[in-house]
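Please look first at the sequence and the fold shown below, and keep both in view while reading. The paragraphs that follow go from strands to sheets and then to helices.

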Amino acid sequence: MRQIAIIGSGPAGYYTAEAAQKLFGADVAIDIIDRLPVPYGLIRFGVAPDHQSIKAVSRRYEKVALSDNVRFVGNVSVGEHVSIEELLGLYDAVVLATGAPHDRTLDKDGADLPGVFGSAAFVGWYNGHPDFAGIDPVLDGTDVVVVGNGNVALDVARILAKTLDELGESDIVRHAYDALETAATERVTLLGRRGPHQIAMTPKELGELGRLERACPRVDPADLPEEEADALLEPGMRKSVTLLREFAAIPESHRADKCIEIDFDFFASPLRIVGDGKVEGMVVERTELDADMRSRGTGETYTIPASMVVTCIGYQTPPIDGVPYEHGRGRFANEDGRIMPHLYCVGWAKRGPTGTIGTNRPDGYAVVDLIAEDIGEGQGRKGRVGLDALLEARGVDVVSFRDWQKIEQAEIGNAREGSPREKFVVIEDMIAARGA
Ligand code: NAP
């Protein structure tokens with residue numbers, strides 16, 4: 001019997017479990033360990049609450065979780081309750097599927113002022129992540145600056161711009177829903193240090209900005225390259241740029257009844273964040289592209305008002321003691337998923353924070369092929385029996401998948417009308433909801 005531990009119950013973790021089941025059939029026991037009492041990682045805490053069709057992929061993970069040879073071992077923190085060395089002693093293979101839940105930080109003066117948030121914190125706040133549920137962003141100012149031109153920046157801008165009605169069927173958590181009800185936002189500036197041809201926004205997500213009830217995107221036509229140049233772009237990117245061209249052509253008359261503007265400020269790089277005790281503005285430097293399409297400052301600066309700043313400039317994987325780490329890229333040092341004997345990584349922990357949820361599927365299948373090569377039939381390790389003994393001796397309150405299903409039922413029962421669930425945002429409340 002092969003014993004596999006997967007750390008992290010997000011997409012990368014579940015696709016790895018699915019692949020191991022497919023390849024090894026009944027001859028494998030898989031433990032999916034998560035520090036939280038609730039599964040699904042990025043699906044629950046990263047995917048935007050108004051993108052329920054994307055979140056529906058969790059049903060596929062549930063199927064995996066409910067099969068006999070897979071266990072969810074929730075509320076167990078690797079590094080605190082059990083070490084990597086201990087897991088390596090118990091299992092034939094340990095797979096780090098820990099994602100990239102930490103923000104890449106904006107290394108500029110003023111980035112530590114109150115009112116400046118990284119996207120992990122801000123997205124975690126509206127998605128009810130227990131680590132960020134209490135950040136309490138003040139939304140009583142009119143101007144929000146969102147740094148970055150990727151899909152996370154789009155998510156943040158869209159959530160801030162939507163009406164409560166538009167958020168009705170989402171599972172945005174109550175504290176964010178209530179805060180948005182009284183928010184004073186009038187302008188969301190999307191700050192891109194490069195130009196329209198360098199955005200990292202996909203067309204489906206970008207297109208949503210053009211269909212909002214009370215908000216309208218604005219693109220300065222002067223920022224757009226000659227239209228002929230679009231022909232050289234790959235098709236997805238070309239579609240995105242076509243949308244930017246459509247935004248640039250929106251007539252002023254159409255804006256009259258929109259109270260929020262989503263302003264694309266291209267060729268603009270943050271220099272410093274300013275404010276007296278809290279963020280009040282951002283000093284920005286105009287940029288241009290060099291021959292390698294990198295941005296470089298022109299020396300021209302200007303200040304934009306900012307009552308809140310959200311930096312959406314990418315994520316990194318938190319290092320784990322004793323596991324080789326690639327600091328520049330914010331991920332574990334690995335060769336195609338192999339870190340060291342018996343230790344592997346998948347998903348963002350392996351590749352860095354790029355790609356869609358589906359990108360994790362081939363990753364999971366590929367790492368299981370490596371595991372099959374490396375461990376053969378398994379080496380008679382204790383696996384889950386050993387883990388259970390160790391956690392019991394340490395008094396760890398493990399949350400099982402059945403427990404999670406009770407928590408989930410309670411969340412469904414607590415939902416406001418139209419919403420699929422009202423998430424618990426405090427770990428103790430999650431645990432209490434599983435009942436006796
Ligand atoms: P991303 O796609 O890597 O975008 C990061 C953005 O931040 C880029 O525009 C980058 O500009 C900018 N940036 C980086 N460092 C900066 C700095 N120091 N100053 C100013 N700008 C800076 O990252 P993401 O938006 O966090 O998304 C992560 C992954 O999740 C992506 O693969 C994304 O597609 C995916 N995602 C998908 C969806 C969806 O499909 N619905 C939703 C959310 C996220 P440069 O290009 O100039 O470096």
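Strand 7 and strand 14 (residues 308-311) run parallel and are paired over four bridges, where two strands count as paired if DSSP finds at least two bridges between them, and where strands (E, at least two residues) and helices (H or I, at least four) are DSSP runs numbered from the N terminus. Within this pairing, Val145 has Val309 of strand 14 as its bridge partner. The model is a predicted one, in which local features need pLDDT of at least 70 and side-chain atom pairs count only at pLDDT 80 or more, while totals for chains, interfaces and linings use all residues. Residues are numbered from 1 along each chain as its sequence is written, and side-chain values use heavy atoms, with hydrogens and water left out.

Strand 7 (residues 143-147) also pairs with strand 8 (residues 187-191), to which it runs parallel and is joined by five bridges; here Val147 stands opposite Leu191. Is strand 7 mostly covered or uncovered? Strand 7 is mostly covered, with five of its five residues buried, that is, under 20% relative accessible area with a 1.4 Å probe and protein chains only, as against over 50% for exposed and in between for partly exposed. Asp143, Val145 and Val147 point one way from the strand, whereas Val144 and Val146 point the other way, and all are buried.

Strands of a sheet pair through backbone hydrogen bonds, either parallel or antiparallel. Strand 18 pairs with strand 19 (residues 343-345) in the antiparallel sense over two bridges, and Arg338 stands opposite Tyr344 of strand 19.

Turning to a pair of helices, helix 4 (residues 58-65) and helix 15 (residues 401-413) pack at an angle of about 145 degrees, with their axes 11 Å apart. The contact (heavy atoms within 4.5 Å) is made by Arg59, Glu62 and Ala65 of helix 4 together with Phe401, Gln405 and Glu408 of helix 15.

Notes. Axes fitted to C-alpha atoms, helices over the stretch in contact; angles between N-to-C directions.
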